[in-house]
Each structure stands twice: as structure tokens, then as C-alpha cells.
Amino acid sequence: MNRTAKMRRSLTRIRHSRFVVPGAAAVLAAVLAMLVAQGVLWPNRLFAARYDVHGIDVSHHNGDIDWDRVAAQDIDFAYVKATEGSAHTDELFTENWVRAREAGLAVGAYHFLSFESSGEDQAANVVGTVPSAPDALPLVVDLEPYGPFTGNLPPAGEVRAILDPLLTALEDHYGQPPVIYTTREAYDAYLAGSYRRNPVWIRAVALPPRLPDGRAWTIWQYSHRDTLDGVGQDAGAEPYVDMNVIDGTLAQLRADAGE
């Protein structure tokens, strides 16, 4: 091959590389996203390490939990699922509530909000299930898409007609505004610019959260696929656990919910 032909071949490769590099970048981004989704790569762990107070949230899906083993792994607090909608009670709530407290953890309960029943009925379900313990962490209302509402959220007016009386009834009974756990999608749809008295627990499992209205978060769920000794050990149990940090201290969390 003569020199002219070699130069033409080199120029052709350079031209082609302009298209190959962006394609390679897209593939790399897709691979990284897949690794994050599968829990192989967790950049958030680096960001979350700067916070001092770490905790988990669990439900019956995590099976029988050895809370003493959990507490020995630098876990400071636990939120356990109590109720969902107007009638469902988590089958392991009482056991998790009692045993986590006996292990020395700060413990709170959470209610999964349903878009399909009234706020008053859901509040009655919570009040009939969750003890009013003076040392408990503030109650949490979990507001996020589920099932047929994933990617198809109900109108804001419909959701607030459920959420508002639920929050009011729970605050009246437990003496402090509930924390609201939410995703960025649900925050944008229902919470942005409102509900300032309710501390925010935001889910952001790829990168640190930033709320669109500039509001500060109180709890951050930074991972949904971590593993801990003592969690998910039963056959058929969910092997992964949600990991969270508090921006501040447990005392500040209690104080924030008391404002």
C-alpha cells in the first residue's frame, strides 16, 4: 500500500471514530446504569459515608431479621413497615418493632399510602396498629408510585384529598407531623413548594438528591440493594435491604418533626 493510500485509510478511521466514541460512551453509560441498578456499583456509598447516622427500612419481605446482628453493623435506626392502605397490616410489624427496640436501635414505623382509599380510613388503620411510644422515631407516610400508578400518577388534587386528612389525623394522634417518604417523581407531582412542616425522606439511589424547590431533605435513602448480616437470610426472603442516612442526628430528626 502506497503512502497516499495509507493516508486515506487513516483519515477514514479518524472520521469513523467521531461516531464510534459517542456510541461507546452511550454503551458505557448503559453498563454503568445496569451495574448501579443491580447493586454492583454504588457511587452513592461514597457520598453517604460523610453522614454519621445510618439506618435501614424493612418489611415482611425481608423475612425474619436478627436485629442484634443488624445493630452490631453500625446501624443506628430502623423504620419498619406497619400498614398499607385502609386495611393491610404488615405481618411482621409487631415482631420487628419489639425486637429492633430490644436490640438498642432507634425505631419508627411507616405507612404505605394507597391512592385507592380515604385518608381517614388509612389513618384509622395506622392508629390501630402503631403504638404511641414516646421514644419512637416520627411516623412516616410513604408516598410513591406503585402498581398501575407507576408512570401514571393520579392528579394532585385527588392525592392531596387523601394525604391531607391522613397527615392531620396522624399528627393529632402521635403529637408530631409525620415524615413523608417519597420519590423525585412523586415529590415533583405532589409536594414541591408545600408540606413544609413535614420532614422529607427522599429516595435517590444513583446520585445524591437535590429537591427542585431548594428544600433540604432530612433522610436520604441512598441504596435499595445493600446486604447486611441478619437480613434476608430466610428462604424466599428479600436478600437486599434499603440503606438510609440522616442529615444530622436522631435528636434533630425528632426535633424537626416536632416543629
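**Figure 1. A salt bridge between R99 and D64.** In this predicted model, the side chains of R99 and D64 come together in a salt bridge, with a nitrogen-to-oxygen distance of 2.8 Å.

**Figure 2. The salt bridge of R99 with E95 in helix α4.** R99 also takes part in a salt bridge with E95, and here the closest N and O atoms are 2.5 Å apart. Because E95 and R99 stand four residues apart in helix α4, about one helical turn separates them. E95 has a relative accessibility of 31% and therefore counts as partly exposed.

Figure 3. R196 and D213 form a salt bridge whose closest N and O atoms are 3.6 Å apart. R196 is placed in the loop between α7 (184–191) and β7, and D213 in the loop between β7 and β8, so this pair ties together parts of the chain that are 17 residues apart in sequence. D213, at 25% relative accessibility, counts as partly exposed. In total, the structure holds eight salt bridges.

Figure 4. Ring pairs link F112, F115, Y146, F149 and Y190 into a cluster. When the whole structure is searched, 13 aromatic pairs are found. For any view of this kind, a pair of aromatic rings is described by the distance of the centres together with the angle of the planes.

**Figure 5. Arginine side chains over tyrosine rings.** R50 lies over the face of Y51, at a distance of 4.8 Å from the ring centre. At another site, the charged end of R225 is positioned over the ring of Y240, and its distance from the centre of that ring is 4.1 Å.

**Figure 6. A nonpolar patch on the surface.** L46, F47 and L207 make a nonpolar surface patch of about 350 Å². Of these residues, L207 is located in the loop between β7 (200–203) and β8 (219–226). L207 counts as exposed because its relative accessibility is 53%, and exposed residues are those over 50%. For the chain as a whole, the accessible surface comes to about 13,000 Å², and carbon and sulfur atoms account for 53% of that area.

Figure 7. D74, a residue other than glycine, has a positive phi near 60 degrees, and its place is in the loop between α3 and β2 (77–84). D74 is exposed, with a relative accessible area of 65%. Y195 also has a positive phi in a residue other than glycine, in this case near 55 degrees, and Y195 is found in the loop between α7 and β7. Y195 counts as buried, its relative accessibility being 16%.

**Figure 8. A251 and L137, placed within the overall fold.** A251 is part of helix α8 (residues 250–256), and A251 is exposed, with a relative accessible area of 54%. The C-alpha atoms of A251 and L137 are separated by 9.3 Å, although these residues are 114 residues apart along the chain. Taken over the chain, 67% of the contacts between residues at least 6 apart in sequence join residues that are at least 24 apart. The chain has eight helices and nine strands, and 46% of its 259 residues count as buried.

Methods: Residues numbered from 1 in each chain as written. Predicted model: local features only at pLDDT ≥ 70, side-chain atom pairs only at ≥ 80, totals over all residues. Heavy atoms only, no water. Phe/Tyr/Trp six-rings, centres within 6.5 Å; stacked < 30°, edge-to-face > 60°. Lys NZ or Arg CZ within 6 Å of the ring centre and 35° of its normal. Patch = residues over 30% accessible without salt bridge, like charges linked within 9 Å, V, L, I, M, F, W, Y side chains within 5 Å. Areas by Shrake-Rupley, 256 points an atom, 1.4 Å probe, with all protein chains shown as cover. Salt bridge = Lys/Arg side-chain N within 4 Å of Asp/Glu carboxyl O. Helix = DSSP H or I, 4+ residues; strand = E, 2+ residues; numbered from the N terminus. Buried < 20%, exposed > 50% of the residue type's maximum accessible area, 1.4 Å probe, protein only. Contact = heavy atoms within 4.5 Å.
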